[in-house]
Amino acid sequence: MSLIITSPLRGWASALDSVPDPVFAQRMMGDGVAIQPLGDTVVAPFDGEVVTLHEAGHAVSLRSAEGAEVLIHIGLDTVMLKGNGFTPLVVTGQRVSRGDPLIRFDLDAVALAATSLITPVIVTNAESFAISRRTVDCAIGACEALMTLVPVQGETRRRSDDGTSVEQAVTLSLPHGIHARPAARIGEAARAFEADVHLVKGDKRGDARSTVALLALGTAFGDEVVVQARGDDAETALAAIVALLASDMGEGAPVAAPSLPAAANNRLRAGQIGGVIAAPGLAMGPAARLRQTEIAVAREGKGAAEERAALLAARNEVSAQIEARAEDASGGVASVMQAHLALIDDPELLAAAETRIVAGSSAGFAWRGAIHDQIDAIRATGNSHLIERIDDLVDIERQMLATLTGTALDGAAVPAGAIVVAEDLLPSQLVTLAAAKPAGICLARGGPTSHVAILCAGMGLPALVAMGEALDSIEDGAPLLLDAELGHVTIAPSLADNAAFTERLTKREARRTAAQAAAKDACHSADGTRIEIFANIGTAKDAALAAAQGAEGSGLVRSEFLFLDRETAPSEDEQHAAYQDIAETLAGKPVIVRLLDIGGDKPAAYIPIDAEENPALGQRGIRVALARPDLLETQIRAILRVRPGGQCKIMIPMVASVDELRQVRAIVERLRGEMAIAAPVEIGVMVETPAAAMTADLLAAEADFLSIGTNDLTQYVLAMDRGNPAVAAGVDAMHPAVLRMIGETCRLAAVHGRWVGVCGGLASDPAALPILVGLGVTELSAVPGFVAEAKQIVRGLTLVEARAHAKLALQCKSAAEVRALARAFEETR
């Protein structure tokens, strides 16, 4: 008799081949189907018994009355979360009916911390049950038919047994005990022998060939397990399984859950909590706890006309508030506010809300439902960059609901000079908080490329993110030392800690004061070497701020700000006006405009890009621009029109080959001829890929300059997605491998006499500047607020000592060692 297995989750069903883990994709554990979740509750796929429930709450297995055993494994590598984000709703041995809830999990938290949310549903005793049909490549609802199982007919294999029986105790070296992946590998190893192999822990005994039996042992790191083997090759089987259990099976030493990324390479001591640096700097002050207030809304409306009017009135009010913030802001804040304006005016969101209003919902309930439909759609993409943008949708939801209900939003009572401690912050909350002048930010969640991180960097507000649950131990008002250079916060510091930190702050303040006094002076090192200090900007307002700080030009104009968060591409006239404003604001100074950098974490609605398994390695930067010559040529014409001619230079993003540079230069030269422009235009390339760094001599032979984008270069060199908080703690541009790439770029470019700049985040990190200068960088483009201080740091260096310092940095073994070296170098100044 067949058994129908229904889906335990709402989501998208796909074949196991799509799971980015060989244990599942190669069916080491059994056959089944994978689901990309859109719901947060796992339900029973049939009537049966809960056989195992992992202590981390991420996996559960059930057995039907017919004997079929099915494992549901929520996400990949989620065992490392150690239960964070998971709420089990059943216990082992409990009888359940189809559709009964088994586990509830936090979609946001797990999506950001796990390798993937994809959830395998596996028939672990495939030798007894085969899948006769399965549902894949389509949307599926919870309790809809997923697989049909049929019993396998055939004789049970007889194993030879010469009577040999052996056993041996072994201490588990597996960091998280025997969970799904190790169980699959143990089973695979056991099936290679004739002997029957069992594992025993206390009064529990499980067949080594059975995933469910191994999971049911409930093991943990350091547990003693007895391996028993009986049969012809029992001794060989015993040795193989013991050796496997004594290893970590490639899973590494026990670590804290990814939600507690205590800057893995940083050596923390008692009373310190690590995190990911979102904006560098130092701050000391009392903790100001910020807890988000839930906004309750009525479900039922008072009539479609009244609710529609309320929705539109709230939208108009919130839109006006956002516009006011945008007008008063510059750079990153302005761009985030523009993104929020685009969301609140999104016709699909409004239409979805109005549909719900017509069906009887209140304006608030309808708006919340429309927002969460969009959030579900974004999560379904599995794109970690887009998932970070969910915060913007939640932000708009809260602003609208607060206006509709008259609820006061959080953040107004934070005292000046405090260090804000929160689970997470929304962009609008940060903008509101900034007016109170906090000293710094500590967040349990968030990522280093989120809008909040970008805003903190632009504001010069020291910030750590992804600090995890350890942040809960900080009480409101507790004294804190926030070190967003070494990546940790110290709680209740000692007198000695306070004194040392105060001395560092005093030195910084003295440097800033001196920097402001000499902001307008040209920048030379102490021994007379010219180092240009430019600014990264997006608008004329940014340019004005940069000029006030003494910027000697703009090393990066982020032209994508003109293209994002709108329904159509900007016209040539609109672009020309923006570039002309910037050029006039920086009169007489170089302005380097980066060509359209769209794709990956910066999508544009009117530039369709097919769904990509790894957007960071897909259509990005110049690849998109060359595929859309209409957009590229419009932008180049707008740049060429800027007067005086030649002030604006062109920079090509995401270059990987000389051919891309040649194609762009050919277009520029053709358009110059068509437009009768005599002034030559300098064309440079961004070094963001290892390919560009290692062929810098070939690029320098044809490019006028090279500028290193350290944010992307770091993620590609380290093979770590900078938008994925699960690995974000390791994405540090001070890693010796990244520094070596920078040094090699400078060395190869010098063969052709080309200058090399840095316009990535590392140019705004005070600890990095001496190393960059020592590696041969002669232009640094920083955030506007850091320009004057960058000049002052460089003025205190001699080229000889910078080169010696850089040479030592290249010999370090980790980013943490480099940062410790940089700290020691600073203390000798």
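**Asking about a predicted model**

Four strands make an open, antiparallel sheet in the order 15-18-16-17. The model here is a predicted one.

Me: What makes strand 15 and strand 17 the edge strands?
Reply: Strand 15 (165-171) and strand 17 (204-207) each pair on one side only. Neighbouring strands in this sheet are turned by 25° against each other on average, direction ignored.

Me: How do you know that strand 16 and strand 18 pair?
Reply: Pairing takes at least two bridges. Strand 16 (residues 196-201) and strand 18 (residues 224-230) are joined by five bridges, so they count as a pair. They run antiparallel, and Asp196 stands opposite Arg230 in strand 18.

Me: Which helix packs on that sheet, and which strands are touched?
Reply: That's helix 5 (residues 234-246), touching strand 15, strand 16 and strand 18. Its direction makes about 10° with that of strand 15.

Me: Why is Met654 called buried?
Reply: Buried means under 20% relative accessible area. Met654 has 1%, so it counts as buried. Met654 sits in the loop between strand 30 and helix 19 (658-674), and has a positive phi of about 60° although it isn't a glycine.

Me: What makes the peptide bond from Arg643 to Pro644 cis?
Reply: Its omega is near 0°. Pro644 belongs to the loop between helix 18 (629-640) and strand 30 (648-652).

Conventions. Residues numbered from 1 in each chain as written. Predicted model: local features only at pLDDT ≥ 70, side-chain atom pairs only at ≥ 80, totals over all residues. Heavy atoms only, no water. Helix = DSSP H or I, 4+ residues; strand = E, 2+ residues; numbered from the N terminus. Buried < 20%, exposed > 50% of the residue type's maximum accessible area, 1.4 Å probe, protein only. Axes fitted to C-alpha atoms, helices over the stretch in contact; angles between N-to-C directions. Contact = heavy atoms within 4.5 Å.
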